[in-house]
Amino acid sequence: METFTIVTGIAAPLLLPNINTDAITPMIAGRSLSADIGKLLFANWRYHPDGSEIADFVLNQPPYREAKVLIAGANFGCGSSRERAVWALMRFGIRCVIAPSFADIFYDNAFQNGLLPLVLSVAEHAALADAVAQAREPVVTVDLDLCRLTDPNGRAIAFTVPAERRVALGEGLEEIQVILRMEDDIDAFQARDRGVRPWVYLNR
């Protein structure tokens, strides 16, 4: 999994609430293993039926074509539990989605694939969106080590990420790799528990 420590880049505002996984990756994105799911990100919003771009969609506009951060509305990633929604964002180049809240399954899928789902309070989220909208260069920096977001005006915004999630992202560890790092502790627990509850363990 790709590591995440510090990401600096263009932030694109897409402030609609309840953006679901059907919108993030339409059904067409799942019909072929060879499909370019980065190109199909928000396909029904980015393209006309003939494949031409919809000019006023934010990710079709400069400088947002190069966005590394997406500022979204509340309950981002709701709907069906499609992991490819995270893959599509990553393939497009987005490493962090900032929202007041996320759907639970999307939130977990994001961490497990190297995408940071960053939760801000409603007030901080609104202030960030306003700063990005007014900036000539809407560049933000997300520092996972310091848990600090810097807006286009240089204002620092603190955020929190569960410690185990921060370590996994920072070191590029998938969930199984995180568990394997605790193998000695697991073995020690089982050794103690085997003496207390031997009937739980099968002798093979």
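A: Asp22 has a relative accessibility of 37% and therefore counts as partly exposed, a class that lies between buried (under 20% relative accessible area) and exposed (over 50%), computed with a 1.4 Å probe on protein chains only. The model is predicted, so local features need pLDDT of at least 70 and side-chain atom pairs count only at pLDDT 80 or more, whereas totals for chains, interfaces and linings use all residues. Residues are numbered from 1 along each chain as its sequence is written, and side-chain values use heavy atoms, with hydrogens and water left out.

A salt bridge is a side-chain nitrogen of Lys or Arg within 4 Å of a carboxyl oxygen of Asp or Glu; the structure holds seven of them. In one, Asp22 pairs with Arg82, with 2.8 Å between the closest N and O atoms. This pair links distant parts of the chain, 60 residues apart: Asp22 belongs to helix H1 (residues 21–24), and Arg82 to the loop between strand S2 (69–72) and helix H3 (84–92). Helices (H or I, at least four residues) and strands (E, at least two) are DSSP runs, numbered from the N terminus. Arg82 counts as buried because its relative accessibility is 17%.

Arg65 and Glu53 form another salt bridge, at 2.5 Å from N to O. Both lie in the loop between helix H2 (43–46) and S2, twelve residues apart. Arg65, at 37%, is partly exposed, as is Glu53 at 36%.

Arg165 also meets Asp108 in a salt bridge, at 2.6 Å from N to O. Here helix H6 (residues 163–171) supplies Arg165 and helix H4 (residues 104–112) supplies Asp108, 57 residues apart. Asp108 is partly exposed, at 31% relative accessible area.
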